[in-house]
Amino acid sequence: MKTTVNITINGESYEETIPNRMLLVDFIREVAVQTGTHVGCTYEGVCGACTIQLDGEAVKSCLMLAVQADGHEIKTVEGLATNGELTPLQTAFNEHHALQCGYCTPGILMNMDEFLKKNPNPTEDEIRHGLVGNLCRCTGYAHIVDAVKDAAGK
Amino acid sequence: MYPATIEDYVRPATVVEALAALGRYEAGDALMLAGGQSAMQAVKTRLLRPRCIIDLQAVAELQGVSAGGDGVRIGPMTRYAALATEGSFNGAYQALNDAAARIGDRQVRNRGTIGGSLCWNYVAACLPPVALALGMEMELTGPNGSRTMSADDFIGGPLETAREDDEILVSLNLPAPAANSGSAYKKWGLVTDSLPVIGVAAMLSTDGSGACTSARVAIGGLGDGPRRSAAAESGLQGVSAGDGDGIAAALQAASDETETQSDMWADADYRKQLIRSLGAEVVASAFARAAN
């Protein structure tokens, strides 16, 4: 029923005994109390708000059990800035007003952070294609695309 | 949506260990988890209520693509993101690049696997029709040894395959292609990269003059599961890339012979139109790739 796991989140290791059925997003939010990672679609895997990076790759943390992350490194939105200094992508989101309510923002940042590492000079089509897995219900995509474009190469 | 109680979680390092874990449970009580992008949905909705999860992430022998003179071997745990950019498929098996690059979204492609998709065989999945069109061979290992079967025999109706509960899909094999072979896949859905309302995969080989000597065409998004179109395959024989009428006739025959369903996404006639229009695009692309 339970398994002891050791999961590193933003550089800090969490050794906990957890139910096997616990979703990774709940481990992040409720066990590690890193609540920047959001649950938008009640765990259906369609909204992308729970996107985190698992060993550097953007994945949806509601589509994984926490036990699957045992021994792995996770980065959440709290892990982007270093000593309070925002990344160029975060700064661009601020400057381009790329968020209204902000609920989808952590997932988009974690997806686009990895996207820009793999494709530092994307076209607008590539950016829009990269955002398919993240819903923004304020429909702020135009500003989000502008921000990602601006952050590219920085 | 939350999983029911899961008694046990195991992470085998080898196929042998995975089989041993599988053998400890009654049929259907243990769920092998590949990328989990479909299976976890089923676990969360409790369509599946496994007592044990066997997580295949650490089984190295199930991962990666290797290409040689005798063809291509794809580990079932190879992720879509890796398949999308895999360079060894060349023209003959390029339908795999097409399909993998447009499944779900970036996050899903970072995690989802080809073997998971083929074993799940969802009605609107992209990889099953591609496997049918490419003539993929599936290798399965179970307590009584290994067996190999064609994708035609492996893939059944929706959510059905020929894999037994105590077997693991261990390898996906593509034979060395004939010279001048090309393949392509394309789908149409209501939003970008969504599950296909219809998806069409085609693989063609041509002779020196560019005429088609063999064709395999498969259609996904059908109510009774993905299937090959005998009418399209025979109709394309002898046809060349420039023969628009010949290609259109083969695809008309394909749409005539295929039973399509009406649902909230598209009606039956629209699905037949998609078979013709997507079919024309993938056949043109497959011819072009066969010529390179």
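In which helix of chain B is Pro129(B) found? Pro129(B) belongs to helix 7 of chain B, which spans residues 127-134; helices (H or I, at least four residues) and strands (E, at least two) are DSSP runs, numbered from the N terminus. This is a predicted model, in which local features need pLDDT of at least 70, side-chain atom pairs count only at pLDDT 80 or more, and totals for chains, interfaces and linings use all residues. Residues are numbered from 1 along each chain as its sequence is written, chains are lettered from A and ligands numbered from 1 in the order in which they are written, and side-chain values use heavy atoms, with hydrogens and water left out.

Pro129(B) has a relative accessibility of 1% and therefore counts as buried (under 20% relative accessible area, with exposed over 50% and partly exposed in between; 1.4 Å probe, protein chains only). Its contacts (heavy atoms within 4.5 Å), leaving aside residues up to four places away in sequence, are Tyr185(B), Ala201(B), Ala218(B), Ile219(B), Gly220(B) and Pro226(B). The C-alpha atom of Pro129(B) is separated by 6.8 Å from that of Arg227(B), 98 residues apart along the chain.

Elsewhere in chain B, Thr206(B) lies in strand 10, residues 198-206. Thr206(B) is buried because its relative accessible area is 11%. Beyond residues up to four places away in sequence, Thr206(B) touches residues including Ala179(B), Asn180(B), Phe287(B) and Ala290(B).

In chain A, helix 1 (residues 24-31) has the buried residues Leu24(A), Val25(A), Asp26(A), Phe27(A) and Ile28(A). These buried residues pack against strand 1 (2-9), strand 2 (12-19), strand 3 (51-54) and strand 5 (73-75) of chain A. Helix 1 of chain A is followed by Val33(A), with a positive phi near 50 degrees.
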